[in-house]
Amino acid sequence: MSSVLILVPLFGIIGLNMLPRNVARRAAFWFAAAVFTAEILLAIVHQPAFWTEALVRFDSFFRLKFSVDSLSRIMLICIGVVSLSSLVVAKSTVSDEKEAFKFINILITASIGMSGIVMVKDIFSLYVFLEIAALSSFILIAFNKDINGLEGAFKYLILSAVATVLMLTSIAILLLDSPDTAFSTLHNEIAHSRGNFIVTFAIGLFICGLFIKGGLVPFHGWLPDAYMAAPAPVSILLAGVMTKACGIYTLMRIVASVFGFTDPIKNTMMLIGMISILVGAFAALGQTNFKRMLAYSSISQVGYIILGAGTGTFLGLAGAAFHLFNHAIFKGLLFVNSAALEEKVGTSDMSRMGGLSERMPVTGATSVIAMLSASGVPPLAGFWSKLLIVIALWQIGHYAYAAIAILASVLTLAYFLYMQRQVFFGKLPPGLEGLREAGNGLTLTASALAVITVGAGLAFPYIYNHFLLPLKEIFF
Amino acid sequence: MEASSWGLFSAFGFFITLIFVCGLYCILATRSLIRAIIGLELLIKAVTLLVIVTGYLNNNTALAQSFVITIIVIEVVLVVIAGGVALQIFRHNDDLDTRRLTNLRG
């Protein structure tokens, strides 16, 4: 019954738009909240029978074939948590009822696209769901119709469309030899004709497209612009799960179950990951805008995920999957904080802030937790995932990469400490004396995400046994 | 793949590459948002043609046809959104010049 996660929100949106206007506007928030909560609960309370059983009539009518494994479950939890945070933040930042209704509709569409991406077993359906997620995120970035949002949306649109064209070309070429586009069929065909020039070319195009979608370094031009220009709740969604689901998760899934971990692919992934870590971290050091710094920090953290996945060993993939989850949570949390700052201070320019933690205690405290988790400070969740990645690199003999990965954590700490000093410590600048803490929606979301970060760090043995160990079945 | 179909594939491949390069050049060289969208259209058209050719060579035309219809539907939505964004930019800036889209830097 995996298709429930697609069909219920889809028909829900259609139903909502048929209801009388004032009823629909009130019901939309609760419907979306129920959908996202159900998604989280279904993924945590794992009942294999629930996912595998076919939905009578519907599955055969829509020809849906989904399957959920442990990597999909981790992603479904991320999608649910981050979409829910984005929804709650939108409720307190988008004041106009009509706009809020539109926002919730597109948010649910985006989450349908992302849930589809993590559940499909067919490369063409993957393309369709990628486009659903990407198209709704273009609309969301340009949601306020201000010139910055439009510019960011257009840049993202062009690069994302080029990426999907590359992927489609690759699918078309792979179709030359294969009777259909299911992951398993393609895997056999590719294993059969390994070394063939055209097949290698197709694999290269597909991976290139995914690097663009994931915002990894040679192709990262669109990412800071889109994150910075997007309205606050949209930045949370984009940075938390959108690029992860569209680029990084897809890369891990496709390489693991279609292309296979060959040496050239592994080396490319590790090299690109390393470059992303360093370029992202150094670029973040020089930023003066809060959201732009977070965007470059995202590039750097996503580099860690690719670096871990590129090792091709179980430990590396487990570290990558866990870092994917951690990054969704702490980056979502930092963007919630940026939403609070934007709402209260009215800007995200760091030079105009200072000493805010005495006025906004919750925002200040949660941002410290998120930043420590991002830099890999021990009891927090980010430490464990980075540790797994570094151990995996050490085990396969890439000592230099392991050393740089550790040193880059120091860089992460450096730019986040600079951010903390500029924004939350020090003296209040004149004009901000009357500042108050942000509304309940924002502080509750931030606290919940901070609790998840701390909890996932403390309960790491449980997570390792219940979520990361089952990954062995997928990849090996 | 047999020798005769290889000839067909290279003939189509030549034109597909031509359209693809035109589209890519259009996106890279133009200063107008509308022309960038037209470039995107050209790229997607080239890929659609490629899907048709590979489906024909693979004796899998039914699958290729359903793919092409799906691609066309998605392409229409993409172009509508791109057009909408370009229209809003025109309302703000009174022109479609990409050189004026330089607010976001750093």
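**Exercise 1.** Which helices each supply at least two residues of the lining of the second largest pocket?

*Solution.* This is a predicted model, in which local features need pLDDT of at least 70, side-chain atom pairs count only at pLDDT 80 or more, and totals for chains, interfaces and linings use all residues. Residues are numbered from 1 along each chain as its sequence is written, chains are lettered from A and ligands numbered from 1 in the order in which they are written, and side-chain values use heavy atoms, with hydrogens and water left out.

Step 1. The helices are α8 (147-174) of chain A and α1 (3-29) of chain B; helices are DSSP runs (H or I, at least four residues) numbered from the N terminus.

Step 2. α8(A) gives the largest share of the lining, 6 residues.

Step 3. The lining has 14 residues, and Lys155(A), Ile158(A), Ile27(B), Leu28(B) and Thr98(B) lie nearest the pocket's centre. Lining residues have an atom within 4 Å of a point of the pocket, an open set on a 1 Å grid where a 1.4 Å probe fits, with protein on both sides within 12 Å along at least five of seven lines.

**Exercise 2.** Find how α1(A) and α2(A) are oriented to each other.

*Solution.* Step 1. The axes of α1 (residues 4-18) and α2 (residues 21-44) of chain A cross at roughly 175° and come within 11 Å. Axes are lines fitted to C-alpha atoms over the stretch in contact, and angles run from 0 to 180 degrees between N-to-C directions.

Step 2. α1(A) and α2(A) are therefore roughly antiparallel (angles over 145 degrees).

Methods. Parallel < 35°, antiparallel > 145°, perpendicular 65-115°, else oblique.
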